[in-house]
Amino acid sequence: MAQNGPVQHSFRRVSSANGVNTTESAQTSHSASPTLTPPDSDPLYILDPQRNGHLPSDLHLRDLELMHHYSTVSYRTISNHSEFMDSFQFQVPKIALSHPFLMHGLLALSASHLVHLTKDSERVKEYEELAFGHQTLALRLFRRELDNITPSNSEAMFAFASIATVLAFASLQTTGVQALTPIDEMFQIYNLTRGVSEILETSNLWFKTSNSWVPNVLASMRTPEKPLPANIEENISLLFKLNLDLTVTGQTIEETAASENAIRELSTTFQQVHSGFAIVCAFRWPICVGPIFISNLRDRRPMALILLAHYCILLHKMDDFWWMKGWPRRLLHSIYTTLDPSWKDAIRWPVELIGLSGSA
C-alpha cells in the first residue's frame, strides 16, 4: 500500500515518541549523566562511545593525500631495486612517525612527484607550495640532528639522507629554477652523497648490532662483479693514457694522482653498474674522488671536466627517473661549452652515447 510523505532514511536521527529530539536529548543527558537508555529511534547509537572527545576537526587532508600518494606510488620512484623499494614503502614511513624531519621529507618527495604528474593541472601551484613547505621544514629539523646521530635516530637519518639527493634533483625538475650551473650543482650532489657516506660510517656499528634493515638493503644492492665490456674498457684506458701526459693536461704530479684515483673509481662504478648493482650505486663516485680532484673541478680544469663528462654516462642511466630526467644531458652540455675546442675530442664517447645534439 502506498505511503504518504517521504520515506525516513534509516541513518537519520528521528524524534522520539514523546516529541523530544533524541540528538538534543542525548547531548543533554551526556553532560549530565554517564548512563543513558539507548533510544530505539537511533540506529547509530551503538557507534557512539558517549565520551567526551577532544580530537581536532582538521584531518590534515592534504598531508593524508601526500602520504597516500607516497605509500602507493612515489616510493617506487626512488630506486628500481626491489628491497630498497620495500623498505621505503613499509619500514621508512613507520620510522618517520617518530622523526618529523623524515616525515616532512617523505611528504616533500610526494608533493614534488605530484607537481611532476600534474604540470597542467589547476592544483599544481598547491602541490608546489606543499613541496616547498615540507622540504623547508625537513631540512631545518634534519640539520639539528646532524651533530647528534644516535642509535635511536640513525635509521631515520640514513633514510632522509638517501632521499635528499632525490629531493635536490626534484627541486630542479619541479620549480624550473636553476640558480647554479649544472657543474656547480654537481658540487651540491657531491656534498649530499658524502653526507650519506658519513652517516653510514657513524651508524654502521649500530645498524649491525640492532638488527636494522639498513645492512640487508645495502648488501642486496650488490651482485657479483663482471668484467667490463671491451668498448668501456677501451675508453677508460684512453682516460688513463691522457692523464699521464702532463704536457697536455698541465697537471702537477699531485693532481695527476688525484685524477688517476678518480678514473680508477669511475672504472669501478662502471663495473658495478654493468654487473647489475642497483643503479643508485652510481652515486658512489662523488664519494670516492678526493679533495684535489674536487678543487680542480671547481676551477674548471680540463682533465676534471673530462672525467665528469664520462660520469654523465652513468647518470644518464637514471634518466628514466622523473627526478633525474634531462639533467645528465644538461650537465654534459655545460661541460662541452666550458671546455676549449682542443679538448672536445676527449669527450666524444659520452657526447655520442648520450646524444648531445649539435655538439659532436
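I first looked up Arg62, which forms a salt bridge with Glu126, with the closest N and O atoms 3.8 Å apart; I count a salt bridge when a side-chain nitrogen of Lys or Arg lies within 4 Å of a carboxyl oxygen of Asp or Glu. Arg62 lies in helix H2 and Glu126 in helix H5 (residues 124-145), so the pair ties together parts that are 64 residues apart in sequence; helices here are DSSP runs of H or I with at least four residues, numbered from the N terminus.

I note that this is a predicted model, in which local features need pLDDT of at least 70 and side-chain atom pairs count only at pLDDT 80 or more, while totals for chains, interfaces and linings use all residues. Residues are numbered from 1 along each chain as its sequence is written, and side-chain values use heavy atoms, with hydrogens and water left out.

I then checked accessibility, where buried means under 20% relative accessible area, exposed over 50% and partly exposed in between (1.4 Å probe, protein chains only). Arg62 is partly exposed at 43%, and Glu126 also counts as partly exposed, at 22%. I found Arg62, Glu65, Arg123 and Glu126 linked in a network of salt bridges, and the count by this rule comes to 11 salt bridges.

I followed two further pairs. Glu260 and Arg264 meet in a salt bridge at 3.8 Å, N to O; they are 4 residues apart in helix H11 (residues 253-274), which means a separation of about one helical turn. Asp345 pairs with Arg348 in a salt bridge whose closest N and O atoms are 3.0 Å apart, and I recorded Asp345 as exposed, at 55%, and Arg348 as partly exposed, at 40%.

Returning to helix H2 (residues 61-72), I looked at Leu64, which lies in it and is partly exposed, with a relative accessible area of 48%.

Leaving aside neighbours within four places in sequence, I list Leu102 as in contact (heavy atoms within 4.5 Å) with Val92, Ile95, Ala96, Ala156, Ala159 and Phe160.

Key:
Helices (H or I, at least four residues) and strands (E, at least two) are DSSP runs, numbered from the N terminus.
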